Amino acid sequence: MTISVDFEECLKDSLKFRASIEGVETEVTELEVKLEKLVKLCNAMLEAGRLYSTNARQFANGIRELSGHCKDDQMMSECLEKFSHSLSSMLDHHMTLIDVTQKSVKQHLHSFIKEDVRKFKETKKHFDRSSEDLDNALNRNAQAPPKKQHEVDEATNALLAARRSFRHVSLDYVLQV
């Protein structure tokens with residue numbers, strides 16, 4: 001996901017800037033959906049892995065019990081015991097893999113979705129609010145009666161403040177992107 005937003009267009013609040021921001025918002029939404037799906041798939045995989053390990057460990061214990069039952073045939077008993085030990089060792093490594101996957105993949109993806117995507121959405125809300133404030137200030141300025149100078153001055157000052165605020169918020173938004 002390569003994002004290119006021109007800061008000059010951002011300050012102008014041009015149509016090109018709005019179109020690029022809309023494209024970025026769409027990409028972030030799609031990314032969030034895909035990451036949430038990936039976290040769900042990871043959860044399902046981890047749960048299936050734990051279930052597999054539990055069943056395989058029971059199987060290994062059954063083999064160990066069988067080797068104890070075959071004490072008369074020493075070769076058979078040793079083979080079953082070695083197989084049981086090897087299977088248990090493999091299952092220990094499998095559980096380590098499940099734990100590492102839980103810690104490194106699932107938790108990092110989940111925290112990315114919760115923290116970074118949430119920050120982006122909060123910044124978007126601030127941007128939308130600031131954009132609305134600018135639109136309202138532009139409307140008030142355009143509707144100010146030219147014969148009432150104090151209303152024109154108030155509308156002009158409100159417009160300048162709204163523009164200044166919008167520029168700061170839009171630059172923050174672009175940096176967040």
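The buried residues of α4 are A155, L159, A162, F166, V169, S170, Y173 and V174; buried means under 20% relative accessible area with a 1.4 Å probe, protein chains only. This is a predicted model, where local features need pLDDT of at least 70, side-chain atom pairs count only at pLDDT 80 or more, and totals for chains, interfaces and linings use all residues. Residues are numbered from 1 along each chain as its sequence is written, and side-chain values use heavy atoms, with hydrogens and water left out.

Helix α4 has 28 residues and reaches 40 Å from first C-alpha to last, close to the 40 Å expected, the expectation being 1.5 Å times one less than the number of residues. Helices here are DSSP runs of H or I, at least four residues, and strands are runs of E, at least two, numbered from the N terminus.

Now the aromatics. Rings of Phe, Tyr and Trp (its six-membered ring) pair if their centres lie within 6.5 Å; planes under 30 degrees apart are stacked, over 60 edge-to-face, the rest tilted. The count is three aromatic pairs. In one of them, F127 and F166 have ring centres 5.5 Å apart and planes at 40 degrees, so that pair is tilted. F127 lies in α3 (residues 74–143) and F166 in α4 (residues 149–176), so the pair ties together parts 39 residues apart in sequence. Both F127 and F166 are buried. F120, F127, F166 and Y173 form one aromatic cluster.

On the whole chain: four helices, zero strands. The C-alpha trace spans about 115 × 25 × 15 Å along its principal axes. Of the 177 residues, 28% count as buried.

How values were computed
Buried < 20%, exposed > 50% of the residue type's maximum accessible area, 1.4 Å probe, protein only.
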